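Have your viewer ready and keep the selection panel open. Below is a short walk through one chain, stop by stop.

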Amino acid sequence: MFTLAEVASLSDIQPTYRILKPWWDVFMDYLAVVMLMVAIFAGTMQLTKDQVVCLPVLQSTVNSKVQPDTAGKADFTTVETTTGQEEASMRTVSFAPTVTPDILQSRATSSQYQPTESDQELKKEQKDSSGRKTNLDFQQYVFINQMCYHLALPWYSKYFPYLVLIHTIILIVSSNFWFKYPKTCSKIEHFVSILGKCFESPWTTKALSETACEDSEENKQRLTGAQSLPKYVSTSSDEGSPSASTPMITKSGFKFSADKPMIEIPSVTILDKKDGEQAKALFEKVRKFRAHVEDSDLIYKLYVGQTVIKTVKFIFILCYTANFVNTISFEHICNPKVEHLIGYTQFECTHNMAYMLKKLLISYISLICVYGFICLYTLFWLFRIPLKEYSFEKVREESSFSDIPDVKNDFAFLLHMVDQYDQLYSKRFGVFLSEVSENKLRGISLNHEWTYEKLRQHVSRNAQDKQELHLFMLSGVPDAVFDLTDLDVLKLELIPEAKITAKISQMTNLQELHLYHCPAKVEQTAFSFLRDHLRCLHVKFTDVAEIPAWVYLLKTLRELYLIGNLNSENNKMIGLESLRELRHLKILHVKSNLTKIPPNITDVAPHLTKLVIHNDGTKLVVLNSLKKMTNVAELELQNCELERIPHAIFSLSNLQELDLKSNSIRTIEEIISFQHLKRLTCLKLWHNKIVSIPSSITHIKNLESLYLSNNKLETLPAAVFSLQKLRCLDVSYNSIAVIPVEIGLLQNLQHFHITGNKVDVLPKQLFKCVKLRTLSLGQNCITSIPDKVSQLLQLTYLELKGNCLDRLPATLGQCQLLRKSGLVVEDHLFDTLPSEVKEVLNQDTGIPFANGI
């Protein structure tokens, strides 16, 4: 037999699991312990007490009218008088071989017993008999008792305690199997561990305390009244969150939502660095655990399964126990069929444990009934509500953490079980599911790490000599950033929870803002400041929905750069109609994968003077909407897979600069139509597949800059040199072998680039272009530089590297503005110059370097 402690250990669970034990599980555990005690008590009683006691049933043959009780008493008297054994008379009737059943029965039927001669002779013979006395009569009783225990006693009376023990053990195992099964045990252990840490974390207390403070401050503000806001700005945050998420553009338009002004709340508790790190680790654990547990409902199914098993077990026990409860009785008739040994065929037995076992059985049935009703209630609870869904609605109502997400599957089921223990656990655990809470923690840690002094060290000067700060992959925007009042440019990259507070109004010099994959949120005061002061905005995104809606409300914005995917299936309505509010927008730069120019751009941005579209190689097909952009002066269509110059461009009467870089243009016969563009001064057709320049280029009388580098040109037609206003000509990286002598006609030419061709001789007419400031002749086959190079008195940049030169002309010293920094040649060629020329070239002057590109 098992001891009580050993069997009870089967139901032991770790103390930490108690939070997952609802009241019905606890109650059923106690019921199982009581049933266990009943089984052990009944089993112990059966082992220590006598089992059955049997007496023979005497058959009446002489007088059938005599009652069995009378016969039994007569037999008892007769045997006592005949045996004469004191021990046998004290025990029970003796089975003496000298007295046959017929004699006993005949004697028992006599109503008045009179001694006869035969009786006297019998007594005399017994008195005269001699021999050793034995206790065979006792052995006979033991033998009969044993046989009748197995033959007459019902099996349920014999095995009832053991059945109770087995059933109870099965119920105990069924109740706690979900704590032991490996695939659920690991998740439960992890959940209990995380839940305990979240409950005891100092950050939980701090977050809930700050929430209470915020609620009280908001109540005060409601009483005093809120300041009126413009009609397109709403203070209502998404889902009631204290920090509204950036509103996204929808097909029907968009709604702008600005955050409420930040309220400075005194810190209720001080969160040291160690506590902050632990809290951040907990947030990460909760996130990973949620992703791991929400993908299945194994724990829920296992719990439902074991509850169903217990219910079926209850029904089974109740059904068969009800049938056998009446079999436990005090009296039993036994027919062992050993009359040849004993002389009796039937015995009446008494089961001395029957009364106690029956009482224990009734108690056991009562316990099983209670257990079963609890099982039925558990099933009702399991299927009454969707336990695989859990909403933190109450927590959201009681706190400002309105962004706590609803959870599902096993995660939801575990939280429902915890609620049966104490709902305070879910409230404190919800803090670690809230992004607002996590962002607050990150903000505290961020402000500790990024102080004003550290940020000042990261401020640099950009190419425009402006103070610039670039923050990359931070958890948020440190508060100290807004103390850099002299900052001109602020770049925020990969900061998903960037928040621009009212303190930005201190940055009076800020005019340029970069948001790279950073859907920044702004407070109302901050938005008002940006609307009035921001001039240039760069937004880089993956999906158009990431563009903050407040971007389209910056009325004073002049430059907008949009870099991202605008042509996916989800972004057919890109929402650029919002540009209507950007009344001062002059430059729009779109780097995307457009297949057509959105008509919204031309319809709602009539004030644009510069439009730049950089595609990623996607073919730009529909360009008719360009005709409406009558005010555009600069147009760039780069990497758009254009094969010809779009005809829509010829309608842009105010166009001054056209850039068709990195396309697939092979022929430019349409260039004659540019004669209608009277203001066109710059034409960039570089990085294409152009093989020839048509003579009709002469009709572009006002052309000042022509870029044809990285094409497939082999010759330069004379028509190019009839453009008298041409100041810059770039034909680098082609296959040109000869520079025509007509180049001398370009008296206004200041920049000439022919690097990377096959030129071997420089015509003397080239040096008649006395206004040349930049001359790029590198990577050709030139063998000598004429002395007439000295005529280029304004030359500041001369590239000769990569040719077949043996020496440099000494007349280079007469180029008054040329210095060594502007002379790109091999070192050994520079050493061929006379020392006085070297000395002149090495002189330092204040002349700025310009290459004209």
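**Before you click**

This is a predicted model, in which local features need pLDDT of at least 70 and side-chain atom pairs count only at pLDDT 80 or more, while totals for chains, interfaces and linings use all residues. Residues are numbered from 1 along each chain as its sequence is written, and side-chain values use heavy atoms, with hydrogens and water left out.

**Stop 1: the whole chain**

Show everything as a cartoon and you will have 23 helices and 24 strands on screen. Helices (H or I, at least four residues) and strands (E, at least two) are DSSP runs, numbered from the N terminus. Of the 853 residues, 48% count as buried; buried means under 20% relative accessible area, exposed over 50%, and partly exposed in between (1.4 Å probe, protein chains only). Accessible areas here come from the Shrake-Rupley method with a 1.4 Å probe, and for residues only the protein chains shown count as cover.

**Stop 2: the cores**

Select Phe-674 and Phe-752, which touch the most other members of the largest nonpolar core, a set of 131 residues. Helix H20 (residues 524-533) gives this core its largest share, four residues. A nonpolar core is a set of buried Ala, Val, Leu, Ile, Met, Phe, Trp, Tyr and Cys residues joined through side-chain atoms within 4.5 Å. A second, separate core has 79 residues, including Leu-163, Ile-317, Leu-361 and Leu-441.

Now zoom in on Phe-752. Beyond residues up to four places away in sequence, its contacts (heavy atoms within 4.5 Å) include Leu-729, Val-731, Ile-739 and Ile-743.

**Stop 3: helix H20**

Is H20 enclosed or open? Seven of its 10 residues are buried, so H20 is largely enclosed by the rest of the structure. Select the buried ones: Gln-524, Ala-526, Phe-527, Ser-528, Phe-529, Leu-530 and Arg-531. They pack against S9 and strand S11 (521-522).

**Stop 4: a nonpolar surface patch**

Colour Trp-23, Val-26, Phe-27, Tyr-30, Val-370, Tyr-377 and Phe-380, which make a nonpolar surface patch of about 700 Å². Patches are made of residues with over 30% relative accessible area and no salt bridge, with like charges joined within 9 Å and nonpolar side chains (Val, Leu, Ile, Met, Phe, Trp, Tyr) within 5 Å; a salt bridge is a side-chain nitrogen of Lys or Arg within 4 Å of a carboxyl oxygen of Asp or Glu. Helices H2 (23-48) and H14 (354-384) each supply at least two residues, and the largest share, four residues, comes from H2. Phe-27 lies in H2 and counts as partly exposed because its relative accessibility is 38%.

**Stop 5**

Go to Asp-465, in the loop between strand S6 (460-461) and strand S7 (467-472). Asp-465 has a positive phi of about 60° although it is not a glycine, and at 53% relative accessibility it counts as exposed.

Leu-494 also has a positive phi, near 55°, in a residue other than glycine. Find it in the loop between strand S8 (489-493) and strand S9 (499-500), where Leu-494 is partly exposed at 35%.

Finish at Thr-811, between strand S23 (797-799) and strand S24 (823-824). Thr-811 is buried at 15% relative accessibility, and its side chain reaches the backbone oxygen of Asp-787 at 3.0 Å.

Technical notes. Polar contact = N/O pair within 3.5 Å; in protein donor to acceptor, adjacent residues only side chain to side chain.
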